[in-house]
Amino acid sequence: MLYELIGIARPGKLAEVKEIVLTAGQLVLQQKGVIRGIANWGIFSLPKPISVHQMRHHTGHYFIMRFDSSVKTQQAVREMLALDPRMIRHSSVKLGDGKLSTLSRFGAPEWNT
């Protein structure tokens, strides 16, 4: 199945965001998944202040990763991100209905400004 992961990490160091994406990507690849695209959206204000891991955040570093994997792999990625103290929020969405004709319409993740 094709999934899109939208993550919000602590702002500050780009190296931390790269490490989070690398860890999630390695988990997908180890489970015989395929990464379709990664996009760095940068730092933005959060819609409202969020308290996570005993810290209050007003801004976050947004990123997107689109990948094909099994349901178990997607759950493992979500569990790994939930335990990472550098993450503020994350959300996974299943794209399409699993048919090749539908999935071929999805391109790389974009940010329209």
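## Strands E2 and E3

Strands E2 and E3 pair in the antiparallel sense over 13 bridges. Two strands count as paired if DSSP finds at least two bridges between them. Helices (H or I, at least four residues) and strands (E, at least two) are DSSP runs, numbered from the N terminus. The model is predicted: local features need pLDDT of at least 70, side-chain atom pairs count only at pLDDT 80 or more, and totals for chains, interfaces and linings use all residues. Residues are numbered from 1 along each chain as its sequence is written, and side-chain values use heavy atoms, with hydrogens and water left out.

E2 and E3 form a hairpin with two residues between them. Histidine 53 sits in the turn and has a positive phi of about 55°.

## Strand E3 and its partners

E3 also pairs with E1, in the antiparallel sense, over eight bridges. Methionine 65 in E3 stands opposite leucine 5. Isoleucine 38 stands opposite methionine 65 as well.

How well covered is E3? Mostly: ten of its 14 residues are buried. Buried means under 20% relative accessible area, exposed means over 50%, and partly exposed lies in between (1.4 Å probe, protein chains only).

## Two aromatic pairs

A pair of aromatic rings is described by the distance of the centres and the angle of the planes. Rings of Phe, Tyr and Trp (its six-membered ring) pair if their centres lie within 6.5 Å; planes under 30 degrees apart count as stacked, over 60 as edge-to-face and the rest as tilted. A search of the whole structure finds two such pairs. Tyrosine 3 and phenylalanine 67 form a tilted pair, 5.8 Å centre to centre, with 35° between the planes. Tyrosine 3 lies in E1 (residues 2–9) and phenylalanine 67 in E3 (residues 55–68), so this pair ties together parts that are 64 residues apart in sequence. Tyrosine 3 is buried at 6% relative accessibility. Phenylalanine 67 is buried too, at 0%.

Phenylalanine 44 and tyrosine 62 form an edge-to-face pair: 5.9 Å centre to centre, 80° between the planes. Phenylalanine 44 lies in E2 (residues 34–52) and tyrosine 62 in E3, so the pair ties together parts 18 residues apart in sequence. Phenylalanine 44 is partly exposed at 31% relative accessibility. Tyrosine 62 is buried at 13%.

## Glycine 12

Where does glycine 12 lie? Its place is the loop between E1 and helix H1 (14–30). Glycine 12 counts as exposed because its relative accessibility is 63%. The C-alpha atoms of glycine 12 and histidine 61 are separated by 8.1 Å, although these residues are 49 residues apart along the chain.
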